Amino acid sequence: MALHWALALHGVITVLVVVSFLFGHWPIFQHTFVERIHYFITFGAYDYFLRFVAVVFGARVKNSILRIEYYCCDRPNPILQLLFLGILGGTYYIIAKSSFHYLPGFYVSELHKYISIFAVVGGIILFILTSFSDPGTVNAENVSQYISSYPYDNIIFLEKECPTCNIPKPARSKHCSICDRCVARFDHHCAWMNTCIGERNTRYFLAFLLWHFVICLYGAVILGLILAGQLKEHKIIYILTVYFDIEESFYSLFPHVAQWLLSAHNTQILLIVFLTVIGLLLAGFFVYHAQLCLTNMTTNETFKWQEYLSWRRKLNEAKASTAALKASLQAVSSETKSSGSKCSRLYRKSPLQNETVTKNNIYDKGILRNVLEVLVPLSGRPSFFRGKTL
Ligand SMILES: [Zn+2]
Ligand SMILES: [Zn+2]
């Protein structure tokens with residue numbers, strides 16, 4: 001019984017930590033313990049660790065750690081690229097080593113040995129294309145064309161100069177402090193790719209996410225079919241129902257089948273779980289970025305709009321309070337006796353409070369043109385060099 005409670009507690013703590021880490025910064029968790037756990041995991045623990053190092057080992061060791069942190073997090077470096085290749089290659093190696101000898105199986109043909117090589121090579125090609133192609137670097141030669149292609153909306157993008165590159169900053173661009181360059185239609189800096197995701201490589205990035213989601217799903221399905229074939233070949237269901245007299249229903253057989261699979265094929269089970277979790281994460285990222293692509297938005301712009309809308313709402317509230325205060329002061333000073341009570345006038349709503357603040361994305365040209373803009377970037381079109389606004 002104690003073991004059950006320990007397992008339940010373990011599950012609750014794991015869920016709490018994962019949820020806090022992934023979503024603790026969301027406004028819904030503001031001022032809750034979930035936000036505090038998120039802060040501790042993302043910044044607090046590291047901060048305490050640095051203080052501990054400074055006290056125990058001195059400032060010199062602390063500065064060395066800060067230099068490593070600067071190299072890993074604030075400078076372009078291939079650490080996560082190598083990690084990605086290691087995970088991809090390692091997973092493929094484990095699958096090949098543990099499961100290829102089951103091919104051909106009862107439900108899967110030997111062809112999948114070769115399809116899986118194609119799947120992995122395709123993934124590496126998309127990774128290389130995203131990582132090493134130009135994300136849309138803005139320089140003195142192309143800045144005027146970019147300015148013509150992306151007009152300023154004068155809301156979240158105003159005409160200004162990049163103080164680092166000393167060139168005008170086209171709308172939708174951003175200076176990436178890690179890559180030290182201005183990138184057109186900047187989405188975000190991807191540490192896994194060791195580059196920015198921008199105007200020219202968003203298409204490869206989207207293809208990369210979709211491809212890896214599909215190959216995770218493909219791997220999980222093929223491994224599942226291998227296990228189903230093994231159940232069939234070893235006549236597990238037959239043995240369980242005939243020799244062990246277990247009722248032939250899903251609920252009766254499932255625990256016994258699961259027990260057999262976990263004991264005889266635990267590597268494949270772990271691989272299926274791993275591929276499913278990674279596949280779901282990739283699917284989530286892909287859906288998020290595909291939705292941005294359909295509405296012609298970037299991750300950078302969603303943050304800018306959030307900031308702008310929150311600022312406008314606060315400004316409207318401040319204006320409404322000022323207007324209401326003015327009105328009530330006027331009402332008191334004129335001392336007019338009217339039928340309405342003073343209170344109702346003091347607290348009446350200003351028309352400004354009803355003013356709705358909405359997002360007006362001028363770059364949204366309809367689904368088809370938005371998708372085309374990602375697939376065929378504006379800077380890759382002949383009209384770009386003629387300086388025409390598209
Ligand atoms: Zn710049
Ligand atoms: Zn960058």
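Hi everyone, let me start with a definition: a residue is buried if 20 or more other C-beta atoms lie within 10 Å of its own, exposed if 12 or fewer, and partly exposed in between, with C-beta atoms placed from the backbone. What we have here is a predicted model, so local features need pLDDT of at least 70, side-chain atom pairs count only at pLDDT 80 or more, and totals for chains, interfaces and linings use all residues. Residues are numbered from 1 along each chain as its sequence is written, and chains are lettered from A and ligands numbered from 1 in the order in which they are written.

Now the overall picture. The chain has 14 helices and seven strands, taken as DSSP runs (H or I, at least four residues, for helices; E, at least two, for strands) and numbered from the N terminus. Along the principal axes, its C-alpha atoms fill a box of roughly 100 × 60 × 55 Å. Of the 390 residues, 21% are buried.

On to the backbone. Most residues other than glycine have a negative phi, and most peptide bonds are trans. Leu103 and Pro104, though, are joined by a cis peptide bond, with omega about -5°. Pro104 sits in the loop between α4 (79-99) and α5 (111-132).

Which loop holds Lys235? That is the one between α7 (202-233) and α8 (236-242). Lys235 has a positive phi, near 50°, and counts as exposed because it has 11 C-beta neighbours inside 10 Å.

Asp245 is in the loop between α8 and α9 (250-264), and its phi is positive too, near 55°. Is Asp245 buried or exposed? With 7 C-beta neighbours inside 10 Å, Asp245 counts as exposed.
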